[in-house]
Structures are given as structure tokens and as C-alpha cells.
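Work through the exercises below with the sequence and the 3D structure in view.

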Amino acid sequence: MERKDWPLWEVFVRSKAGLSHKHSGSLHAPDAEMAISNARDVYTRRNEGVSIWVVESKHIHSTLETDSESMFDPNEDKIYRHPTFYDIPDEVGHM
Amino acid sequence: MSETDLQTIFDRKIENEVKIEPKDWMPDAYRKNVLRQMAQHAHSEVVGMLPEGNWITRAPSMRRKVALLAKIQDEAGHGLYLYSAAETLGTDRERLVLDLLEGKAKYSSIFNYPALTWADIGAVGWLVDGAAIVNQIMLQKTSYGPYSRAMIRICKEESFHQRQGYEILLTLCRGTEEQKAMAQDALNRFWWPSLMMFGPSDKDSPHSAQSMAWKVKRMGNDDLRQKFIDQTVKQADFLGLTIPDPDLKWNEEKGQYDWGQIDWEEFYNVIKGNGPCNKERLAARQAAYDNGAWVREAATAYANKRAQRRDKDAA
Amino acid sequence: MEQKEALFNYLLRLADNAAILGHKLSEWCGHGPELEEDIAIINTALDLLGHARSLYTYAGEVEGKGRTEDDLAFLRIEREYKNALITELPNGHYGDTIARQYLFDQFNYLLFTELEKSSDETIAAIAAKAIKEIRYHLRRSIEWTLRLGDGTEESHNRIQESFDNIWAYTGDLFVEDVSDEEIIAAGIGPDLKALQPIWREKVKATLAEATLTIPEDGWMHSGSKEGRHTEHMGHILSELQYMQRAYPGCEW
Ligand SMILES: [Fe+2]
Ligand SMILES: [Fe+2]
Ligand SMILES: [Fe+2]
């Protein structure tokens with residue numbers, strides 16, 4: 001059967017030129033055109049944005065909480081990826 | 001992972017102020033509690049559009065008209081943010097709305113009171129939004145992530161609501177005798193229902209203790225109510241209006257106001273459906289739902305056709 | 001007719017169009033087919049009320065009698081309101097509102113595109129700001145015309161009927177009188193007669209894309225430029241003016 005209510009969309013707004021789009025919230029719309037219009041009316045009424053992305057919520061895939069230990073913890077001890085891990089004498093100046 | 005392990009992780013998060021997110025494990029009772037609260041809050045925002053909406057076409061100046069319209073528009077947005085937050089727990093908006101229409105879900109009883117005069121628009125902004133803000137500031141720290149984020153966004157938008165309401169009353173109180181009387185009458189009718197917005201006393205509130213333990217709520221009903229009273233009295237004084245409570249007086253020792261008795265019988269009666277506008281409010285929501293059905297269907301049908309056409313063009 | 005008087009009349013027409021249509025749209029607040037749509041339609045209402053405010057304020061300046069936006073918006077008698085008849089028609093069902101909106105937006109878009117080039121600097125500035133919003137209104141009402149026209153059988157039939165019913169009010173948008181002659185001669189506003197065929201072509205194309213039939217140009221209502229309104233107008237004014245009439249001379 002055809003769904004009567006409109007599907008859910010996630011809205012991402014670029015707040016000003018040069019910044020990334022950031023998740024603002026969700027809304028319902030029958031299609032992408034209206035999702036964009038609605039996103040403009042719902043999430044940028046106070047000049048919050050200069051560009052909008054919308055994506056139907058069902059297309060978003062995410063990590064699971066139960067995986068989070070194996071996904072994210074292993075990076076905690078890889079401190080050699082951070083600049084402060086390396087000792088450079090002050091005389092060298094800013095690097 | 002066993003249920004007990006998951007429960008331990010959950011408990012530790014609550015203890016350490018780590019937000020619970022939609023895909024995280026959570027006890028069933030927590031899920032139900034948060035969902036009920038978010039849905040109820042969403043319904044309140046949307047039903048709350050109706051009493052104020054009653055005055056849009058009669059607003060007395062262009063400036064007031066656009067401010068009121070923008071304010072009510074925000075409330076629609078708040079309803080939308082909160083429905084979206086509720087939907088993260090797997091119940092979609094349509095189902096939530098049907099719960100409301102079928103009488104299975106509640107909304108704040110304050111919106112069952114009528115907006116009878118222009119001063120009521122001022123009183124609603126000042127007192128009803130004022131009380132809501134006290135509650136919502138607390139809820140910014142709620143333990144459920146999507147609810148907290150919705151609250152942060154909402155609180156940012158709320159600040160103009162209370163100010164526009166207060167400014168309406170201030171103008172009336174600086175106006176003619178008739179205008180000032182209109183303002184006093186609005187305060188007389190909205191004061192007690194506004195205090196009721198915080199719900200029954202914690203000792204009589206079925207969900208209060210558990211909600212506090214889960215940090216869904218961060219303050220009890222009685223403390224929130226007291227906070228609201230303490231901050232509102234001097235605002236009423238500034239307007240030169242009298243709060244309709246003969247027992248209201250400053251308690252130096254406690255550093256807060258003592259005040260009278262809420263008529264809880266009225267409170268429970270309105271919840272049960274015996275308020276001045278309960279029927280009208282639900283009927284209006286039902287009509288919007290019914291009259292919009294063919295429109296929503298048409299938009300879906302058109303979206304499907306357009307998608308098919310695009311697929312064909314691409315092929 | 002003096003140019004000042006013609007300009008005042010002209011500004012009132014523009015302002016009243018925006019004020020009355022904004023008023024009608026605002027009645028949808030809280031009653032729309034979906035929450036998102038409530039928010040969107042209120043946005044259009046707010047835009048129109050914004051246009052009305054700038055235009056009333058300027059009209060008051062042109063008149064030079066110290067009348068404010070509120071004096072003009074709230075305190076005239078019915079015959080002094082000059083909004084096009086189509087703007088005061090009842091909201092009806094959503095299809096009626098969309099049909100009314102599309103036909104008006106298409107007109108308003110063409111008109112304000114010309115007003116951007118007005119010899120009157122204030123009008124040109126107001127139009128330059130307003131046209132961005134009107135372009136968006138037009139896009140939205142076209143989208144909805146397509147959705148309802150080419151949606152379900154029910155929606156198709158409903159909105160076709162809406163267009164058929166409203167059609168007779170579109171002629172009134174293009175009627176010209178002595179004020180218009182002054183305005184055209186002074187390069188303040190466009191010749192509406194020249195806009196009409198362009199408007200018709202655009203409407204025809206949109207309706208065709210929406211699988212709808214453009215109604216026949218039969219007998220048309222008219223009278224708005226002389227302040228002869230439909231029976232609906234009096235009721236609009238009784239709400240709009242209620243406070244100002246009941247409590248004369250108050251600040252709000
Ligand atoms: Fe609210
Ligand atoms: Fe709100
Ligand atoms: Fe509010």
C-alpha cells in the first residue's frame with residue numbers, strides 16, 4: 001500500500017560560505033523539492049543559512065552503539081598521530 | 001552483551017551526564033517515558049497555536065500582527081522539532097498525531113482556556129510562554145539527546161515570545177483605563193492556569209520521581225513553579241497589575257514568595273476534558289487532519305509520478 | 001488627476017493587495033494540511049504583510065497628511081480599499097487557496113519585475129526587495145499547482161474546479177483607470193494591458209504542465225479600482241478593524 005504520510009528527511013544547513021553543512025534537524029516532505037522548500041521555511045527563518053542539503057532519513061547509515069568500542073577506542077592510544085607527540089626544540093621556531 | 005551489561009552502561013551514562021542517543025540501548029520504561037513526554041510536548045506546541053491564532057486577523061496594528069504571526073509560526077516549528085525528536089524512537093508523526101486525535105495522548109491544559117481579548121495575547125506570551133521557558137530551560141539538560149537538542153533550539157527562539165507578550169501588556173498598562181482593565185482581567189484569568197502548567201505537586205505526580213532519576217527532568221514541578229512565581233511577581237509590579245492571589249507575600253526567611261492554593265479540582269477537570277475549549281481544540285486539529293488528507297495524498301502521488309518520470313528519462 | 005493623487009491611489013492598490021491577501025493567508029495558521037505547510041504559508045503571509053507595511057508607510061508620506069501605516073491599513077471605509085477582488089476571496093479548501101495564490105503570484109511577479117524599474121525611486125527600492133520574496137511565492141504556488149493538478153484524480157478535479165471558479169476574478173487585475181494612465185505616463189508603473197497576454201501565456205503553460213485546462217475567458221468581475229468589492233470584503237474588514245474601531249485612538 002502507498003504510504004499516505006510524507007517520508008522523513010534530514011536537513012543540513014551551511015551557516016555561511018566556507019563552512020560545512022551541519023545537521024539542523026528533520027522534517028516531512030513528499031519529495032526533495034518540497035523538502036528543500038520546507039527546510040528553508042523551517043530551519044532558516046532567522047538567517048541561519050546560505051545553503052541547504054536534504055537527504056531522506058532512510059538513506060542514512062550509522063554506526064551502532066554496541067560497535068563503538070571496537071570502532072573508536074582503538075584510536076585513543078595512537079597519540080603519534082598528533083603533533084604534540086613530537087619534540088622539536090624551541091629554537092626551531094613555530095612548526 | 002547481556003541485558004545487565006547494557007543496563008550498567010546506560011546507568012553509567014545517566015550518572016556521568018552522557019546523553020542517550022536514538023540507537024543506544026535504553027530500558028523500555030525509559031523509552032516510553034521520554035516518548036510520552038516529547039509527544040505531549042509536541043502536541044502542546046501545536047494545539048497552543050490555536051488560542052493565539054484566534055487573534056491574528058484582529059491584531060490591532062500591523063506591527064503586532066506580524067509579531068504574533070511570527071510567534072505562532074515558531075510554535076509550529078517547535079511542534080515540528082519535537083515530533084522529529086519523538087520520531088527518533090521509532091514512532092512516526094502520523095501515529096503520534098492520531099494518538100492525540102483519538103484522545104490517547106495529552107497536551108498542556110493551558111491551551112483549553114480561551115483567548116477572549118487582545119490582552120489575553122499579551123498574557124499568553126508573558127505567562128504561558130514564560131512558564132514554558134522555565135520548564136524548557138531545565139529540559140535543555142534532559143538526558144535524551146534529540147530532546148535536549150530540540151530544547152536548545154526552541155529556547156533560542158522562545159526569548160522573543162515572552163518579550164512580545166510583556167510589551168503588549170506594558171502598552172496596555174500605559175494606555176487608557178479601559179486598556180489597563182483589559183490587562184488586569186487577562187492576568188486574573190491566566191494566572192492560576194499558568195501555575196497549573198507545571199503539573200501536580202511532585203508528591204502527587206506519577207512520573208515525577210522516575211523522570212528525575214533518569215534525568216529526563218532536572219527539577220521537580222514544585223521547584224519550577226516556585227521559580228516562575230519568584231521571577232514573575234516583580235514583572236507584574238512593574239506593569240502595575242495585581243496578581244489575583246491574596247496570600248502572595250515575600251517570605252524573607254525562605255528568600256521566596258509564599259502563595260495561595262491551586263484549585264486542583266479545576267486542574268483535573270480540565271485534563272478530563274471539562275475545560276472551556278477542550279472540544280474546540282481537538283475538533284480544530286481533527287479538521288486540519290481530515291481536510292488535509294487529500295492534499296497530502298496528492299503530494300505523495302505527484303512525488304511518485306515525478307520520480308518515475310525521472311527514472312524513465314535517465315534510462 | 002494630479003500625479004500625487006494618482007501615485008497615492010496606486011500605492012494603496014499595491015498595499016491593499018498585499019495586506020488583504022496576507023490577511024487571508026494568515027487564517028490558515030494552525031489549520032494547514034501539514035505542520036510544514038503551516039510554516040510555509042505563514043512565511044508567505046508575513047512577506048506580504050511586510051510589503052504592505054512599506055507601501056502604506058510610503059503612501060502616507062506621499063499623501064502628506066500624517067497618516068501612518070496603521071491609519072491606512074485599519075481606518076478606511078470599504079470603498080476606500082483598492083485591493084484586487086481576487087485577494088479577498090475566501091480560502092475555501094487548499095486547492096482554492098493555491099489556485100488563488102498562483103494566479104495572483106503570477107500577476108504580482110510580472111508587476112513587481114516592472115516596478116523594479118520604476119521612475120519612482122522608493123517604489124523601485126521596495127520592489128527590488130519584494131521581488132525576491134515574490135519569486136519564491138511563485139515557485140511555491142507553481143509547485144503546488146503541479147502537485148494538486150497532477151496528483152490524484154480527486155485533487156485534479158478539485159483544483160480544476162478552483163481555477164474555473166476563480167477565473168472570472170482575474171480580469172479585475174488588469175483593469176486600468178485614469179490613475180493608471182498617469183502612472184504609466186510618468187514611468188512609475190507598467191501598462192497592465194501589456195502584462196495581460198504574458199500573464200496568460202505563463203498561466204496556460206503552468207496549467208498545461210499540471211494537466212489542467214485553462215478556463216475560458218468569459219464575463220469578468222471588476223470594480224476593485226473604484227472600491228466596489230465582493231460581499232466578503234465587509235467581513236474581512238469587520239475583523240481587521242475590530243480593535244481600532246472599538247477602541248478609537250489607542251496605542252497598541
Ligand atoms: Fe510553547
Ligand atoms: Fe514553543
Ligand atoms: Fe513560545
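**Exercise 1.** Find the helix that gives the largest share of the lining of the second largest cavity, and describe that cavity.

*Solution.* Step one is the helix: α1(C) gives the largest share of this lining, 4 residues, where helices (H or I, at least four residues) and strands (E, at least two) are DSSP runs numbered from the N terminus. Step two is the meaning of the word cavity, which is a set of points on a 1 Å grid over the protein atoms alone where a 1.4 Å probe fits but cannot get out, with lining residues having an atom within 4 Å of a point. Step four is the space inside, about 140 Å³, a volume being the space filled by probe spheres set on points that are joined across faces, edges and corners. Step five sorts the lining of the second largest cavity into 7 nonpolar, 2 polar and 5 charged residues; here Ala, Val, Leu, Ile, Met, Phe, Trp, Tyr, Cys and Pro count as nonpolar, Asp, Glu, Lys and Arg as charged, and the others, Gly among them, as polar.

Before going on, note that this is a predicted model, in which local features need pLDDT of at least 70 and side-chain atom pairs count only at pLDDT 80 or more, while totals for chains, interfaces and linings use all residues. Residues are numbered from 1 along each chain as its sequence is written, chains are lettered from A in the order in which they are written, and side-chain values use heavy atoms, with hydrogens and water left out.

**Exercise 2.** Describe the largest cavity by its volume and by the classes of its lining residues.

*Solution.* A search of the whole structure finds 7 cavities of 30 Å³ or more, and the largest has a volume of about 260 Å³. Of the 18 residues that line the largest cavity, R93(B), V97(B), Y289(B), R296(B) and E34(C) are the closest to its centre. In chain B, α5 (93-101) and α12 (278-314) each supply at least two lining residues, and α5(B) gives the largest share with 5. By class, the lining of the largest cavity holds 10 nonpolar, 2 polar and 6 charged residues.

**Exercise 3.** Where do the two partners of the salt bridge between D150(C) and R309(B) lie?

*Solution.* The side chains of D150(C) and R309(B) meet at 2.6 Å, N to O. This pair crosses between chains, from D150(C) in the loop between α5 (121-149) and α6 (153-166) of chain C to R309(B) in helix α12 of chain B. D150(C) counts as buried at 8% relative accessibility, and R309(B) as partly exposed at 40%.

Note on methods. On a 1 Å grid over the protein atoms alone, a cavity is a set of points where a 1.4 Å probe fits but cannot get out, and a pocket is an open set with protein on both sides within 12 Å along at least five of seven lines; lining residues have an atom within 4 Å of a point. A salt bridge is a side-chain nitrogen of Lys or Arg within 4 Å of a carboxyl oxygen of Asp or Glu. Buried means under 20% relative accessible area, exposed over 50%, partly exposed in between (1.4 Å probe, protein chains only).
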